[in-house]
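Visitor: Can you walk me through a few helices here? Please put the structure up before we start.

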Amino acid sequence: MSMAAISLIQNFTVPGEISRKFALDWSSDNKIAVCTSKTIYVLNSFCSPVETGFPFPLHKQVIKIPDGPMQLNPAYIPPNPYRFIQSEEDRENLYSVLMDHTLNPTPPERAEIFRSFRCCKWSPKGAAGSGRCLLATLTMDHRLALYEEYNKEWKCICDLTELLKKEMLPERTHNISESRQNKNLRRKKKRESKHRTRSKRTSYYEETDEDEEEFDDEDPCNLYKHLNYEKLMNETYKYAPMEITWTGMFSGTPNSMNEKSYEFCFLIVAMKSGHIQFWKVSASEGRVISLLYEWDTGLGLITTLSWQQTSLIAGFLMCGSVKGILAFLPVAVVMDPDEEPKIAVKNMCKIWDEEDMLAVDHIAILKIALRKYACIAAKHHALIGCEITLTEDSIFIKNVGHAFGLHSLPVTGMAVLDARSIPQYRVLMSTMEGKLIEVKITLGEEEINFQHDLIPIDLDLKNNMIQGLAVSSNGFLCGLILNTAVYYDHLEKKEPIQFAMYVTKPVDEIFGKLKNMLKPQVSFLPATSTDITNHSDYLDIIRITLATGAALPDWLTAFMDNDPTTYENCSTIELYFMRFILQAYASGLAVAAPTLKGPLELKLYAVEAIIMRNYISKIFRSCQDNLDLLSPGQGQSLLLMADWLFKEFHMPVESLYSALGCETPSDPESLPARETCDICKTDVKLDNIKVGQCSKNHQFARCCQSLLLCDIVPYNQCPSCKSVALKNLWNFDSCCTYCGMMMLST
Ligand SMILES: [Zn+2]
Ligand SMILES: [Zn+2]
């Protein structure tokens with residue numbers, strides 16, 4: 001069964017130009033990065049049940065291109081270099097150097113054009129603290145950097161190319177201008193000696209051995225002998241990042257240095273020389289970013305990389321090259337409890353070994369079964385594929401095949417559909433001529449077959465090229481980036497870039513999957529994945545359904561008729577969804593909401609009370625053995641929590657009261673006020689977990705993580721449900737207690 005027409009839910013424009021296809025990436029915590037030449041837009045749906053309207057708002061953050069152009073290892077080009085040319089080879093080499101921005105980055109008129117983003121890629125969740133993603137960005141002038149979100153802004157936390165530059169040119173980086181001058185002096189001398197030797201070319205070459213050593217170490221672009229293009233390339237291309245991808249998260253065993261296990265992942269970088277580098281990125285031991293491994297693939301210029309994790313300690317990397325080679329590289333992470341993890345790269349296997357000069361544009365890896373994968377790679381208008389089976393001690397690659405697609409212009413985006421389930425047989429592809437194509441593979445005994453289906457979309461694509469495609473974590477939402485296909489002078493006329501979002505499946509099918517996720521058929525499966533960001537595309541689908549006035553399935557709203565005591569048996573994730581729906585009804589987001597809001601608000605409070613109770617039990621468990629280490633604020637917070645459990649659920653936590661030096665109250669109505677109003681200093685009682693009010697009606701929101709009155713700025717706020725939290729009180733996580741979304745600083 002192939003995809004039906006998919007329906008448009010978002011369509012807006014952003015300024016800028018696309019410098020390269022594959023301009024879109026969707027993170028596993030559901031953020032979308034749109035890569036334009038001078039700006040990366042991070043689009044973020046807060047999945048808010050209180051922001052009304054349709055389409056749902058996508059909040060926009062920007063990452064601007066760095067101010068300074070990157071100059072890796074600028075070749076010295078003397079003024080009027082053509083006067084030094086002695087041979088045709090010299091001429092060719094000089095031309096190659098002059099035209100190559102990597103080697104000759106200094107002309108200011110060109111530096112500006114190359115100071116633009118090439119691509120960006122999201123890390124797996126967990127590379128940044130509290131299970132968040134980092135964004136790796138790469139510019140056309142080879143600046144590779146990592147960005148992390150701090151207080152609603154994306155900040156550069158590491159410029160990896162600057163690190164590489166230091167490694168490449170330790171002596172040159174401190175004072176280039178001085179060494180230039182010295183070089184010019186030496187050059188003058190050299191020129192004099194050269195005039196003498198010019199007449200006897202052979203002896204000149206014989207004699208230059210010493211010279212060469214001295215001279216070439218300083219300056220590989222030695223026009224007096226040869227323009228040493230090869231050497232310059234070898235020295236520079238090795239440090240010039242061209243493509244990037246991320247592995248998934250690995251977790252290290254506890255060792256003598258860290259008692260807790262720590263998590264890390266790798267940023268894999270392909271250099272212009274064909275080398276690949278593995279950078280270890282870890283959030284759990286502070287910020288650690290280090291180059292762990294480097295290896296020459298021998299493939300030359302790599303055009304695309306794709307990673308597939310296959311176990312807790314291994315995976316494979318697929319590399320596509322500009323010459324058309326598709327290579328498979330098994331990679332293992334060797335964990336030694338007392339050392340840094342090591343990367344072990346095994347033999348590379350060329351799945352497509354013909355240098356047909358059809359560059360590999362994109363690679364997708366599908367999981368067919370346990371330890372069995374299929375790979376699809378786009379090479380211009382052709383697709384190639386194969387089946388990969390891993391066994392204990394070997395790897396079998398079979399059924400390498402190819403087919404021509406429905407497209408004649410290059411593929412600009414590719415995403416695996418059903419990426420959270422096994423088996424996966426389908427990918428969605430976008431092409432430069434504006435086609436959206438679903439490719440389904442079937443694996444026979446002897447061959448791999450491709451079935452292509454054009455997917456109709458309700459957008460006029462006549463003059464549009466699709467420049468990027470990405471799908472949400474569960475694959476229900478698909479984003480496209482389009483720009484106009486007509487020729488235009490980009491200096492004269494800036495055509496805006498279009499961003500469009502679609503629902504990829506019939507909504508009934510999505511709700512079917514939601515039911516399986518919330519109420520698993522196999523009852524021994526834990527349904528307590530509390531990580532709501534993995535499922536936020538479900539929330540957006542519910543949001544769309546409610547905002548357009550359509551009905552949710554009965555099973556999903558049945559809880560509204562049930563007695564709130566039945567909510568106690570629900571998993572955290574179910575409670576989040578119930579809460580989301582109730583708040584959407586109460587806020588007016590749902591078009592067809594009941595007019596009587598009172599009962600909805602009572603149910604909403606009942607769900608929030610259960611979520612809070614579960615959260616409090618987590619807090620109590622985590623600090624029951626070290627109550628004497630609590631800060632005064634934390635002690636106060638525990639006391640409020642104990643009071644509230646007693647009041648709402650009639651659970652007197654006697655041990656806690658006595659540990660905090662308080663008497664256990666005798667009945668819920670006689671609980672003393674524990675706080676005073678910041679404005680009038682009268683008592684504030686704990687009547688409600690969301691708000692506190694004094695006798696003169698001054699109102700404060702209550703912190704969702706501590707229950708304390710939130711009367712201090714700045715505080716954190718949940719972008720989704722708008723709950724607030726005091727900063728630095730309980731540092732368990734930065735998620736909203738009520739809805740599980742990441743909180744942001746105000
Ligand atoms: Zn007051
Ligand atoms: Zn929230």
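Visitor: Which residues of H12 are buried?
Guide: Ser637, Leu638, Leu640, Met641, Ala642, Asp643, Trp644, Leu645 and Phe646. Buried means 20 or more other C-beta atoms lie within 10 Å of the residue's own, with C-beta atoms placed from the backbone. Helices (H or I, at least four residues) and strands (E, at least two) are DSSP runs, numbered from the N terminus.

Visitor: What should I know about the model and its numbering?
Guide: This is a predicted model: local features need pLDDT of at least 70, side-chain atom pairs count only at pLDDT 80 or more, and totals for chains, interfaces and linings use all residues. Residues are numbered from 1 along each chain as its sequence is written, while chains are lettered from A and ligands numbered from 1 in the order in which they are written.

Visitor: Back to H12. What covers its buried residues?
Guide: The cover includes H11 and helix H13 (654-659). Contact here means C-beta atoms, placed from the backbone, within 7 Å.

Visitor: What follows H12?
Guide: His650, with a positive phi near 55°.

Visitor: And H11, how many residues does that have?
Guide: H11 has 27 residues, 597-623. From first C-alpha to last it reaches 39 Å, close to the 39 Å expected at 1.5 Å a residue. The expected span is 1.5 Å times one less than the number of residues.

Visitor: Which helices do the buried residues of H11 pack against?
Guide: Helix H10 (572-587) and helix H12 (632-649). Among the buried residues of H11 are Leu600, Leu604, Val607 and Ile611.

Visitor: How do H10 and H11 cross?
Guide: At roughly 155°, with their axes coming within 9 Å. Axes are lines fitted to C-alpha atoms, for helices over the stretch in contact, and angles run from 0 to 180 degrees between N-to-C directions. H10 and H11 are therefore roughly antiparallel (over 145 degrees). The residues of the contact of H10 with H11 divide into ten nonpolar, three polar and five charged. Nonpolar covers Ala, Val, Leu, Ile, Met, Phe, Trp, Tyr, Cys and Pro; charged covers Asp, Glu, Lys and Arg; the others, Gly among them, are polar.

Visitor: Now H8. At what angle does that pack with H10?
Guide: About 30°, with the axes of H8 (residues 536-547) and H10 11 Å apart. That makes H8 roughly parallel to H10 (under 35 degrees). The contact is made by Leu539, Ile542, Arg543 and Leu546 of H8 and Phe580, Ile581 and Ala584 of H10. Those residues divide into six nonpolar, no polar and one charged.

Visitor: How many helices and strands does the protein chain have?
Guide: 13 helices and 37 strands.

Technical notes: Buried ≥ 20, exposed ≤ 12 C-beta atoms within 10 Å, placed from the backbone. Contact = placed C-beta atoms within 7 Å. Parallel < 35°, antiparallel > 145°, perpendicular 65-115°, else oblique.
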